[in-house]
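Me: I'm new to this one, so could you walk me through it slowly?
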Amino acid sequence: MDDLPKKAPRNAAVARPALSPARRDSIRAYLLSWYRHGHRDLPWRKPDDPYATWISEIMLQQTRVETVKDYFRRFMARFPTPTALAQANLDDVLFHWSGLGYYARARNLHAAACEIVARYDGHFPRDPDAVRGLPGIGPYTAGAILSLAFRQRAALVDGNVIRVLSRLFAIGEPVESAAVKRRHWELAEELVPPSSATAPHDSQNDPGDFNQGLMELGATVCLPKNPTCLVCPLFALCQGRRLGDPEQFPAKKRERQVPVIQMVTLLVRHKAQVLLTRRPPMGLWGGLWEPPTGDLVEGETQRDALLRLAKDRLGLALDRRTASLEALPPFDHRLTHRHIQFSPYRLLLRAARPPPLRLDGGYQEARWIDPAAPAALGLSAWVSTLLASQLNPGSIR
């Protein structure tokens with residue numbers, strides 16, 4: 001252990017933690033042995049299956065493992081191969097993603113599956129450049145697919161890996177720094193074992209098991225708070241533990257103020273049906289269906305915003321003879337980078353038939369649905385909650 005620094009470097013972006021061949025080999029050996037002697041039984045841990053690896057890694061971005069398990073099983077049952085995913089329409093894909101959030105992930109999965117079918121005859125490509133060129137696949141996901149499924153020597157860095165490496169090498173600079181991010185990638189690339197496609201899975205040359213071990217260690221032992229250092233396989237090698245306070249690594253991120261956005265949404269009802277409109281394909285909730293919704297302009301009353309929304313985006317001119325407006329309980333919806341406060345209203349149309357619509361302002365399609373038996377459409381979590389409230393009044397909180 002002589003290559004361990006005696007104190008944390010002042011500038012981790014400049015001071016490179018020493019990594020001798022002996023220390024590197026020790027980290028590999030201890031971590032591989034620990035991982036192979038017991039790890040979580042996760043439904044996507046299928047050896048040599050690039051499709052399952054790809055789907056799971058995309059789902060796990062910004063999403064808890066326990067949440068992903070059921071989504072993964074349902075998604076794989078409906079779309080068991082890249083070809084099945086490519087042949088499905090986007091509405092079906094978004095429907096099976098509904099509630100998982102970050103819907104650009106689902107759109108990219110569908111686009112990438114279409115490319116896999118068109119360019120690679122439905123077989124997931126093994127070439128690193130081909131993998132990295134697929135829509136929605138960045139360096140981390142590419143590293144996961146190449147190492148876990150194809151056992152190629154490829155590094156990966158996610159939040160768990162950052163935490164393990166930061167503590168192992170006492171990297172004290174903020175992770176937001178480009179230089180520090182680069183250093184984590186350099187360390188991950190130095191540590192991952194060489195590729196050996198013909199070696200057995202219990203050999204020392206298994207990049208996939210090593211990378212899974214890094215992620216598993218961060219998820220189950222090297223926790224953000226109260227890490228269980230005494231059972232860590234890298235206990236004797238960890239500089240953060242040696243300095244006495246591993247929780248100081250990595251440095252805490254600077255808190256960003258989350259903006260609060262006021263929105264109005266119009267639940268248009270005609271008899272037993274509710275109107276849903278489809279958002280444009282890009283941007284927040286891209287391609288999903290929702291009741292007509294818009295921002296509340298500063299200084300504008302909610303009623304004025306609703307009238308503007310109905311006129312400008314639906315082509316509806318409302319008056320008391322043809323419709324009635326009723327306020328519903330407001331509710332909040334929190335996203336990573338914004339806090340949305342919804343003011344929903346129910347608009348009851350009295351005409352014998354639904355009026356013709358003139359969609360504008362980004363909406364591309366409109367459908368009348370029965371909230372008691374909704375079609376297989378992609379709905380965000382807040383829309384599902386709002387529709388459920390029409391069947392169970394008072395369910396919105």
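Me: Leaving aside its neighbours within four places in sequence, which residues is Trp54 in contact with?
Reply: Taking contact as heavy atoms within 4.5 Å, Trp54 touches Leu85, Leu109, Ala112, Ala113, Ile116, Phe124, Ile137, Thr141 and Ile145. Please keep in mind that this is a predicted model, where local features need pLDDT of at least 70, side-chain atom pairs count only at pLDDT 80 or more, and totals for chains, interfaces and linings use all residues. Residues are numbered from 1 along each chain as its sequence is written, and side-chain values use heavy atoms, with hydrogens and water left out.

Me: How many residues has the largest nonpolar core?
Reply: That core has 54 residues, and Trp54 and Phe75 are among those with the most contacts inside it. A nonpolar core is a set of buried Ala, Val, Leu, Ile, Met, Phe, Trp, Tyr and Cys residues joined through side-chain atoms within 4.5 Å, where buried means under 20% relative accessible area, exposed over 50% and partly exposed in between, with a 1.4 Å probe and protein chains only.

Me: And which helix gives the most to this core?
Reply: Helix α2, residues 50-59, does, with six residues; helices here are DSSP runs of H or I with at least four residues, numbered from the N terminus.

Me: Switching to α3, which of its residues are buried?
Reply: Val68, Lys69, Tyr71, Phe72, Phe75 and Met76 are buried in α3, and their cover includes α2, α4 (82-87), α5 (90-97) and α6 (104-120).

Me: Where is Phe235?
Reply: Phe235 sits in the loop between α11 (207-220) and α12 (239-242), and counts as partly exposed because its relative accessibility is 30%.

Notes. Helices (H or I, at least four residues) and strands (E, at least two) are DSSP runs, numbered from the N terminus.
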